[in-house]
Amino acid sequence: MTNNTQTQSKPSASQRWQKLAAIGSNQSTILVAVLVILVVVFTILEPKFLSAQTASNVLTDWGSVVLIAVGMTYVIISGGIDLSVGASIALSGVVAAWFMVNVLGLSPKATGGEVVYGLVLGTIVAILTGLAVGLVNGFLITKAKIPPFIATLATMGAGLGFAVIISSGMPIGGPNDFTVISAMNPSTNPLSWAVLAVIVVIVIAGLFLHKAKFGIYTYAIGSNTFAARGAGINVERHLVAIYALSGALAGLTGMYVYMRLGAGSPSSGTGRELDAIAAVVIGGASLMGGIGRVWGTVLGTLILFTVQSGLIMAGVAPDWKKVVVAILIAVAVAAQTFNKKGR
Amino acid sequence: MAIGDVLYEAKNISKKYGSVVALDGASFKLHAGEVIGLVGDNGAGKSTLVKILSGAYTPDSGSLFLDGEQRVWTSPREVLDAGVETLYQDSGLAPHLSVSQNVFLGREKVVKGFFGKLGFVAKKQMEHEAHRDLEEVGIAVPASDRSVSQLSGGQRQAVAIGRAVAWARKVIILDEPTNHLGARQASEVLQIVKNAKKKGLGVIFISHTLPHVLEVTDRIIVLRLGKIVKIAPTSEFTGDTLVGTITGTIQTLKLEGD
């Protein structure tokens, strides 16, 4: 249709309503609206909420979950689940800290070039640790044919166990550079270099999910495994790659969390897998597989931590966060079911 | 390949699941430009045979020949690459993907250069070509970018068949292609089968709807309890004798298929 015909035929009232309804049923529009409403409500409750400092807190928290949530998006779209990512965060943070301290011989007091060198190698070690957990998951799921829920529950337990064994249950302090993880300017610019790096990784992951074969196969497997196999897709190999990706992103997150603490702690990932699943579901993905968007997950995670920061600033007891998140999940899932019936 | 050449041949194919014999020494030949009907009651071994022919299962014994060359399939991918397409009963498409993503599933067109090597797909080109290919096959195509879950049952089936016909270079295996279709849509499907035959493809047509089998096939293979009990030209059957042969009320002498 050309511009000309568009201007000539004025949309009727019902068409306009249909358009509005279409926008209203668009998941990301709803999520942005929810986010705006939350910000407005919290700002009314506590005017200081609307500040670069709050934004920095929210973004820094967001960075410690959004990558595993993006990995979880791939996993959930493929029809699976990965409960091991919280444990992988702890394990990779501990292993990276142990490596920097014991192998590279860097103390928490190290400065300058040594720190950069240590953190770069530490990041690689953390990613490889997470990747290893992911590969074990992939092996258990595709070769041992263990359902993803059970397989990743097992690696979650084992991962936490190893993290405690390696660290003797105590955080391992190592070299760090807090400027990487701190807001560039606390009063005007809430972004940090670490958050920027996280955003770059998300964009790449999003492009591969929505624009490349890797993503199409992920949707195909979650949508209809039989059809995917019939179309010649190597389903097992692809699933291993998806769990490996989820693990590697958890490893990277392990390093992010290490940098926030300046230490690798065996308890640093506790419950993060549930935050990630919540974010993915709020973001519109279906646990049945085949449905989900990286953008939805990004917004879902942002909503999660906006609620958390907002409630704290408004003086609400932190336990209420769990209740509010539970309501958000219920509403998100109910909205999905409603949308399906509407079709 | 010329009309009448043997395209795909099965020799003594057997398959057991535990102690259950699903297929017992099945042999037949499919010629270029021929439509073979494969009929039998539930549990007769039709699905097992289809899955062996399409590379989803490996037979316990027996051999397969494509264009006279013996082939041992190790994956569905190899069979597709060899020019044999299969439409599986009811479950050939991924409902959450678009029409064009389904048509090109497993064979995506990628963009040129570095990003193509990373697997980035040429979406517009695939949508355009999917539309064109389906139209060529003779299918009233819904928009290429629509999600398959938004299509009616008939439209889905049309897309699935269109995909098989568009990609097939030698053989098409259609498992219950007219299931759940209205009369008009079913006759469209039968027309597509006839067109494929004219192009010189070999078609294996599996169906419980015997009038469709009688209308569109050249020969019929009757399976009963894992065994081929009769192979004969379609003209030798009437609706009644075909039912009798399937159920076993008509005694059969196994004919060697040529």
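**Exercise 1. A strand pair in chain B**

In which sense do strand β9 (residues 219-224) of chain B and strand β10 (residues 227-233) of chain B pair, and over how many bridges?

*Solution.* Some conventions come first. The model is predicted, so local features need pLDDT of at least 70 and side-chain atom pairs count only at pLDDT 80 or more, while totals for chains, interfaces and linings use all residues. Residues are numbered from 1 along each chain as its sequence is written, and chains are lettered from A and ligands numbered from 1 in the order in which they are written.

Step 1. Helices (H or I, at least four residues) and strands (E, at least two) are DSSP runs, numbered from the N terminus. Two strands pair if DSSP finds at least two bridges between them.

Step 2. β9(B) and β10(B) pair in the antiparallel sense, over six bridges. One pair of bridge partners is B:Ile220 and B:Ala232, the latter in β10(B).

Step 3. The two strands form a hairpin with two residues between them. In the turn, B:Leu225 has a positive phi of about 50 degrees.

**Exercise 2. The open sheet**

In what order do the six strands of the open sheet in chain B stand?

*Solution.* Step 1. The order is β6-β7-β8-β3-β9-β10, and the pairing is mixed.

Step 1. β6 (84-87) and β10 of chain B are the edge strands, each pairing on one side only. From one strand to the next, the twist averages 15 degrees.

Step 2. Inside the sheet, strand β3 (residues 35-40) of chain B pairs with strand β8 (residues 202-206) of chain B in the parallel sense over four bridges. Here B:Val35 stands opposite B:Val203 of β8(B).

Step 3. Angles run from 0 to 180 degrees between N-to-C directions, and axes are lines fitted to C-alpha atoms, for helices over the stretch in contact. Helix α6 (residues 153-167) of chain B lies across β6 and β7 (171-175) of chain B and runs at about 175 degrees to β6(B). Helix α9 (residues 239-247) of chain B lies across β3, β9 and β10 of chain B, at about 30 degrees to β9(B).

**Exercise 3. A second hairpin**

Which strand does β1 (residues 6-17) of chain B join through eight bridges?

*Solution.* Step 1. The partner is strand β2 (residues 20-31) of chain B, and the two run antiparallel. B:Lys16 has B:Val21 in β2(B) as its bridge partner.

Step 1. The hairpin of β1(B) and β2(B) has two residues between the strands, and B:Gly18 takes a positive phi near 60 degrees.

Step 2. β1(B) also pairs with strand β4 (residues 61-66) of chain B, in the antiparallel sense over five bridges.

**Exercise 4. Chain B as a whole**

Why is chain B described as being as compact as a globular protein of its length?

*Solution.* Step 1. Chain B has nine helices and ten strands.

Step 1. The radius of gyration is taken over C-alpha atoms, and the globule rule is 2.2 Å times the number of residues to the power 0.38. For the 258 residues of chain B the rule gives 18 Å, and the radius of gyration is 19 Å; the values are close, so the chain is as compact as a globular protein of that length.

Step 2. Along its principal axes, the C-alpha trace of chain B spans about 60 × 40 × 40 Å.

Step 3. A residue is buried if 20 or more other C-beta atoms lie within 10 Å of its own, exposed if 12 or fewer, and partly exposed in between, with C-beta atoms placed from the backbone. By this count, 45% of the 258 residues of chain B are buried.

**Exercise 5. Two helices of chain A**

At what angle do the axes of helix α9 (residues 193-211) and helix α14 (residues 294-313) of chain A cross?

*Solution.* Step 1. Two packed helices are described by the angle between their axes and the distance between the axes.

Step 1. The axes cross at roughly 145 degrees and come within 9 Å.

Step 2. Two residues are in contact if their C-beta atoms, placed from the backbone, lie within 7 Å. Among the residues that meet are A:Ile202 and A:Leu209 in α9(A), and A:Trp295 and A:Val298 in α14(A).

**Exercise 6. A loop residue**

Is A:Ser267 partly exposed or buried?

*Solution.* Step 1. A:Ser267 lies in the loop between β2 (263-264) and α13 (272-282) of chain A.

Step 1. A:Ser267 is partly exposed, because 14 other C-beta atoms lie within 10 Å.
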